[in-house]
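Work through the exercises below with the sequence and the model open. Try each task before reading its solution.

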Amino acid sequence: MSAEANNTQPLPLAGIRVIDYSHFLAGPYVGRCLAGLGAEVIKVERPGSGDAGRHHAFFVGEDDAYSGYFLQLNMGKQGLSVNTKDPRGKALMQKLVDGADVFIENYRPGALDKLGLGYAELSQRNPGLVYCSISAYGHTGPDAHRAGFGLIAEAKSGIMQMVGTPGEAPPVLRISLGDMYTGIHAVAAINAALLGRTRTGRGQHIDMALYDTLVSMHEYAVQCYTLSGGQVLPEQTGHDMPTSTLYGVFRAADGDLVIAAQVDDAWKRFAALVEAHGGPAGFGADARFHTSTGRNANRLEILAVVKPWVASRRVADVLALLDGIDVPCAKVQRIDEVLADPQIQARGMVVEQEHPVLGKIRLPNLPFKFSDCDTTIRQVAPDLGQHNAEIAAALGYSTEEIAQMQADGVLYTKEMN
């Protein structure tokens, strides 16, 4: 929450009901964001095993009963576990969606049509429904039928090929770029569709593809290739960017840091500082380096000066010098340093929740900051089927009907440990 927030307004999506019929990462992240923005989000899972994300490390609790992965991506939601292959389960789901505003799914195209939960059937029942599908390749095109994960999209998109050390296989990015970036694009698209519905009264199908999203992220590589007539292809460059000298990662005596002195004025200040603190005479005044084109053309000569200059100093000393002349820089931090960072603490980027079994848990917060409301989610992720009875009751099912569906396995509830 921002320092000025006074919580005088309801959250932006208060009153919006979302059915989160997704699993693992991209879809659940969308649901988590919408919950943070105030929507009522009902997480629907298969009986027994539930969302595959429940079985993804890091595990905590007795017998590793809880997945941190699931806890992070599903906070703020209600939990429903229903067998949609049973006619009673399908009827319950359709009745639930009849009163919903948004439906999220991330199964292979066509999979939910077989269950009567595809867009065509649900939108006939509820014309105002905003139905968001997330898949590897989307619902059209020759690859629409293929399975895929973020890793596949990262490789296909050209992003992976550009990172890493020349001559070596590119590294795994270690964050789920495709899933998370597609997820936040889906959040934007859903909100746009909800806004459009206020004029037309109708929802629509949003078709998000991980591959599409990552291709759209290229802020430079695609234009280089197309505008050069196919002559310029990005290459692995390791620790800096040859088209933005000086902009990269440098190793100091006790750790690593990044320096962003690619803008002309910042470069001139930086070069003068290097010269004044042991660098070669004339380095700051060298006019060859005073433009972006000149710096890029002489990149290796510049790096031959900057790398040893940084390497001879401690990280803190380099940062102090650069902060003193207003050149953007930062230490390459470990996760423990990130969580201890006063800036992250001041921004409330770690949410603390009280779990009924695990006790106090800390997880990353969403980055939304509003002046008049707090989007921090305090409600922990639901256990499997935790809210079955109350959700079914709200749909008009009697206590006896709910008990019978529970006994028959149409509804499934895992008891808390």
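**Exercise 1: A lysine and its partner**

At 57% relative accessibility, Lys360 counts as exposed. The bands are: buried under 20% relative accessible area, exposed over 50%, partly exposed in between, with a 1.4 Å probe and protein chains only. This is a predicted model: local features need pLDDT of at least 70, side-chain atom pairs count only at pLDDT 80 or more, and totals for chains, interfaces and linings use all residues. Residues are numbered from 1 along each chain as its sequence is written, and side-chain values use heavy atoms, with hydrogens and water left out.

Task: find the residue whose side chain meets Lys360 in a salt bridge.

Solution. Step one: apply the criterion, a side-chain nitrogen of Lys or Arg within 4 Å of a carboxyl oxygen of Asp or Glu. Step two: the partner is Glu352, at 3.8 Å from N to O. Step three: classify Glu352. At 39% it is partly exposed. Elsewhere, shared partners link Lys331, Arg334, Asp336 and Glu337 into one salt-bridge network.

**Exercise 2: Bridges across the sequence**

Task: state how many salt bridges a search of the whole structure finds. Then work out which parts the Asp98 and Arg125 pair ties together.

Solution. Step one: the search gives 20 salt bridges. Step two: take Asp98 and Arg125, whose closest N and O atoms are 2.7 Å apart. Asp98 is in helix H3 (residues 87-98) and Arg125 in helix H4 (residues 119-125), so the pair ties together parts 27 residues apart in sequence. Helices (H or I, at least four residues) and strands (E, at least two) are DSSP runs, numbered from the N terminus. Asp98 is partly exposed at 33%. Arg125 is partly exposed at 41%.

Now repeat with Arg314 and Asp254, a salt bridge of 3.5 Å from N to O. Arg314 lies in the loop between helix H12 (299-311) and helix H13 (315-324), and Asp254 in the loop between strand S9 (247-252) and strand S10 (255-260), so this pair ties together parts 60 residues apart in sequence. Asp254 is partly exposed, at 38%.

**Exercise 3: Checking a helix**

Solution. Step four: list buried positions. Among them are Asp179, Thr182, Ala186, Ile190, Ala193 and Arg197. An α-helix has 3.6 residues a turn, so residues three or four places apart point the same way. Step five: look past the end. Gly201 follows H7, with a positive phi near 80°.

**Exercise 4: A strand and its neighbors**

Task: decide whether strand S2 (residues 40-45) is largely enclosed or open, and identify which strands pair with S2.

Solution. Step one: five of the six S2 residues are buried, so S2 is largely enclosed by the rest of the structure. Step two: pairing needs at least two DSSP bridges. Strand S1 (residues 17-20) runs parallel to S2, joined by four bridges. Arg17 stands opposite Glu40. Step three: strand S5 (residues 78-81) also pairs with S2 in the parallel sense, over four bridges. There Glu45 stands opposite Ser81.
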